[in-house]
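Trainee: I would like to learn how to read a model like this one. Please show me the structure, and I will start with my questions.

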Amino acid sequence: MSLDSQLAEERAHLAASRAVLARMLDTARLRVATGAQVAGDRYTAETLGRMLRTYAKELAAEPDGPLFFGRLSFGEGEHRGQRYYIGRRHVAEPPEEPLVVDWRAPVSRAFYRASARDRLGVAVRRRYGWSVRGELTGFEDEPLDHDTTSRLLTEEILRPRVGPMRDIVATIQPDQDELVRADLGASLCVQGAPGTGKTAVGLHRAAYLLYAHRQRLARGGVLVLGPNSAFLSYIGAVLPALGEVDVEQRTLDQLLAYRRASTMDTDAAAAVKHDARMATVLSRALYAGLGEPTGPLAVPDGSFRWRVSEGVLAGLMAQIWHESPLYGIGRERLRSRIVDRLRRQAELRGLELGAAWAQRIGRSRAVRDVVDHLWPPVRPERLVATLLSDPAALADAADGVLDAAEQAAILRRTPRWTPADLLLVDEVAGLIDHPPRYGHVIVDEAQDLSPMQCRAVARRSTHGSLTVLGDLAQGTTAWAATDWPSQLAHLGKPGTPVIALTAGFRVSAAVVPLANRLLAALDVDVPATRPVRDDGVLRIERVDDLAAATVEAVRTALRQPGSIGVIAADAAVAGLEKALTPDPRVTVLPASLAKGLEYDHVVVVEPADIVAAEPRGPHRLYVVLTRAVSRLDILHHRPLPRSIAG
Ligand SMILES: Nc1ncnc2c1ncn2[C@@H]1O[C@H](COP(=O)(O)OP(=O)(O)OP(=O)(O)O)[C@@H](O)[C@H]1O
């Protein structure tokens, strides 16, 4: 068949798929309209309504876009003689065969994994090219009898970056696919240099897990944790584009927002509050509130009076303490065991007692008083506020755990809350009761989490699994992890396998040697990267007037397509913003917010200031230098930091 007629055939398949998708959308909309009336009760109606609305929204997301990006023709095996179009979602009118198969379906796996070495039954893999307007412009066949480099794949990887992050569903690489499709039951940790696709893998894994295990994840759901809101808006569109609109994407601070933090800790205070030893201090402070029996309990009940002796009360306390339940559960256990004792006495008198009696007695004044005395109710915020403002209470709880200087560092001078205080409140709340727990949590930039932050993640995923993404070389917090096994233990998943991604899709061969020089000075043990891109331009220039040189660099950058990021030490950002004319393609951002982001062209202003601004300045500079896709300008007036001076 000629190329033209093959293309015509492909366009006809596209038209047919679009027509079916339009009908699927109509049906879904109709169901949204009628679903509420059809469903029996209100709860079912609401759930059904939400499901249908989500489904309709998913379908409507891209009715005119590229409905498929690949095609598999099988020559052998279970799918012999079959052809499948692979796209972002199923397009099908059962009982007919699907016109497009979801990229997450089992059969699609071969699209990502088949190679000349292991063809998985595939005879030909076809990739499609699309115009920005959603027209099918061409295709490329990979016969799989020998290894070829796909032109469309290379073009996709080299494409200039504009706007927020996009999905990589058409070009997921075999090692990435293995992580995306890894089993839900097992946690995994991905160590990858900048631009190796950790974030992309994490997001596609979320979409995959929701497809493959929708029932199991229906209750807990999937949570994606990112380092800051700029990062979350950068990645925010990827999952909806993959049809997943219900994944929670948050920063850890947003997750712990019991109240607003209105002040910041000193470095010394933050170091103590983020240390794992604080968990011991808080637990001690909580349990220090338990009382001791001061006499027997007597409960009037009509003409009777039931009793529990002081010794029995002490025995119940000891027994529950030994069982070490969560604090709140311990309190309820004490109440119910006291009621059990009372019931036994009453039954010995021949009374027959039901649940209503137990409830009434459990709530009686006498029982309430004794439970409140022995196992008092605790408000986590109150407990933390007291601990941080009462030197004696702190000294009691921290005795032998924090030294005098550490205790002094965290004593409050104002009643205002810091972000780390809210973490402490969350820890106490977690000692009292379980927080809502997720089926799967994806933690990005996990190297930056403190032990106490890790604990906050761990208690939200006790029954679920984790995907931990990070790079030890990009750790910029004072408590950044220096190895994965201890970080994974803090996250509640010791022994999780650590897998390295090594192909770099962002940082080009022009920039990698510079980044690697800096990496060598960071004293971390991480695998080297292999740049996929051999294009890229690096320009380093010493200038007298940084602002004027930045304006000039941006003007030149604007002549090429793609996004432009100007990254400087936080203190220099306001000045640069003033010097530059606003342009939607240009973002001026502080070095402290650059993590996880990327721009087609990056202008780094005065690296020495970025290094000098914070204790882990060299790590911050490593993050900053690895944000550029196509071109990196480094402008400096002061001497370059020695580690990159060459
Ligand atoms: N298989 C792929 N095909 C095409 N592009 C890819 C692929 N994998 C990653 N990329 C692209 O490479 C860039 C870097 O990916 P990503 O941000 O996920 O890397 P990262 O490892 O999280 O980087 P960092 O550590 O710097 O945050 C993104 O633009 C992403 O879309």
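Trainee: Leaving aside neighbours within four places in sequence, which residues is K198 in contact with?

Mentor: Two residues are in contact if their C-beta atoms, placed from the backbone, lie within 7 Å. By that rule, K198 is in contact with V190, G192, L469 and L501. K198 lies in helix α6. Helices are DSSP runs (H or I, at least four residues) and strands are too (E, at least two), numbered from the N terminus.

Trainee: How far can I trust this?

Mentor: This is a predicted model, where local features need pLDDT of at least 70, side-chain atom pairs count only at pLDDT 80 or more, and totals for chains, interfaces and linings use all residues. Residues are numbered from 1 along each chain as its sequence is written. pLDDT is the predictor's confidence in each residue, from 0 to 100. Here the chain's mean is 91, and 95% of its residues reach 70 or more.

Trainee: Is K198 buried or exposed?

Mentor: A residue is buried if 20 or more other C-beta atoms lie within 10 Å of its own, exposed if 12 or fewer, and partly exposed in between. K198 counts as buried because it has 25 such neighbours. A193 counts as buried too, with 28.

Trainee: Where does A193 lie?

Mentor: In the loop between β6 (188-192) and α6 (198-212). An unreviewed UniProt entry lists A193 and K198 among its "binding site" residues. Such annotations may be inferred rather than shown by experiment.

Trainee: Which residues of helix α12 are buried?

Mentor: In α12 (residues 277-287), they are M278, V281, L282 and A285. They cover an arc of only 95 degrees around the axis, so they sit on the same side of α12.

Notes: Arc of directions from axis to C-beta.
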